[in-house]
Amino acid sequence: MIQNLDLQLFNLIRSLAGKSKLLDFLGVFLADYLGYFLIAGTIFLIWQLPDWKKKFHYFSFVALTTILSRGILTESIRFFYHRPRPFLALNFVPLIGEVDVGAFPSGHAAFYFALALVVFLINKKWGQYFIGTSILMGLARVFVGVHWPLDILGGIAAAAISFYAIKSLLDRNIS
């Protein structure tokens with residue numbers, strides 16, 4: 001049932017690919033390059049904090065949360081559960097480079113949603129933009145054909161778990 005819904009949603013989003021060069025360009029940009037702007041924005045935001053202790057705290061928070069979500073949780077899940085990427089399962093050429101590692105959960109979603117959650121903690125307005133941009137990035141990863149919609153949701157879950165685990169750890173050590 002869920003996999004059928006996942007496939008239907010994938011087909012709906014993916015059906016827009018190849019219809020417009022502008023839309024394809026936008027999809028590739030959002031899927032592959034937008035993240036660099038989010039990283040630069042995060043560094044800028046942390047750099048603007050008033051004192052070095054806050055800068056160190058939030059830099060550490062970002063580093064630990066993204067490492068846990070992308071580097072540890074995502075890779076641990078992929079080690080035990082291999083889900084083929086859509087372009088392999090459905091035999092088509094994606095709009096961006098092909099990779100043959102498991103699709104679930106999305107490493108991009110895990111990394112950038114973890115980043116967005118920490119940014120939201122620092123600055124609510126910027127955090128809302130980062131979360132919205134991360135959602136667009138996730139949709140673009142489906143659009144270009146390298147992820148299923150559930151992969152994106154799995155990445156979001158990995159980010160949320162990591163965020164709350166690291167926040168709990170840091171809050172306990174600060175008190």
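Relative accessible area sorts residues into buried (under 20%), exposed (over 50%) and partly exposed (in between), using a 1.4 Å probe and protein chains only. The model is predicted: local features need pLDDT of at least 70, side-chain atom pairs count only at pLDDT 80 or more, and totals for chains, interfaces and linings use all residues. Residues are numbered from 1 along each chain as its sequence is written, and side-chain values use heavy atoms, with hydrogens and water left out.

**View 1. I67 in helix α3.** Helices here are DSSP runs of H or I with at least four residues, numbered from the N terminus. I67 belongs to α3, residues 52-80. With a relative accessible area of 49%, I67 is partly exposed. A114 is 47 residues away from I67 along the chain, yet their C-alpha atoms are separated by 9.3 Å.

**View 2. A159 in helix α7.** Helix α7 covers residues 149-174 and contains A159. A159 has 0% relative accessibility, so this residue counts as buried. Contact means heavy atoms within 4.5 Å. Leaving out residues up to four places away in sequence, A159 touches S69, A109, A110, F113, A114 and L117.

**View 3. Helix α1 against helix α6.** Axes are lines fitted to C-alpha atoms, for helices over the stretch in contact, and angles run from 0 to 180 degrees between N-to-C directions. Helix α1 (residues 2-14) packs on α6 (residues 124-143) at about 90°, and the axes lie 8 Å apart. That angle makes α1 roughly perpendicular to α6; this label spans 65 to 115 degrees. On the α1 side are F10, I13 and R14; on the α6 side, L139, V142 and F143. The contact residues divide into 5 nonpolar, no polar and 1 charged. Nonpolar covers Ala, Val, Leu, Ile, Met, Phe, Trp, Tyr, Cys and Pro; charged covers Asp, Glu, Lys and Arg; the others, Gly among them, are polar.

**View 4. Aromatic rings.** Rings of Phe, Tyr and Trp (its six-membered ring) pair if their centres lie within 6.5 Å; planes under 30 degrees apart are stacked, over 60 edge-to-face, the rest tilted. The structure holds 10 aromatic pairs. F79 and F80 have ring centres 5.0 Å apart and planes at 90°, so they form an edge-to-face pair. F79 is exposed at 67% relative accessibility, and F80 is exposed at 71%. One aromatic cluster consists of F10, F92 and W148.

**View 5. K55 and W47.** K55 lies over the face of W47, 4.7 Å from the ring centre. The criterion is NZ of Lys or CZ of Arg within 6 Å of the ring centre and within 35 degrees of the ring normal.

Terms used:
Helix = DSSP H or I, 4+ residues; strand = E, 2+ residues; numbered from the N terminus. Parallel < 35°, antiparallel > 145°, perpendicular 65-115°, else oblique.
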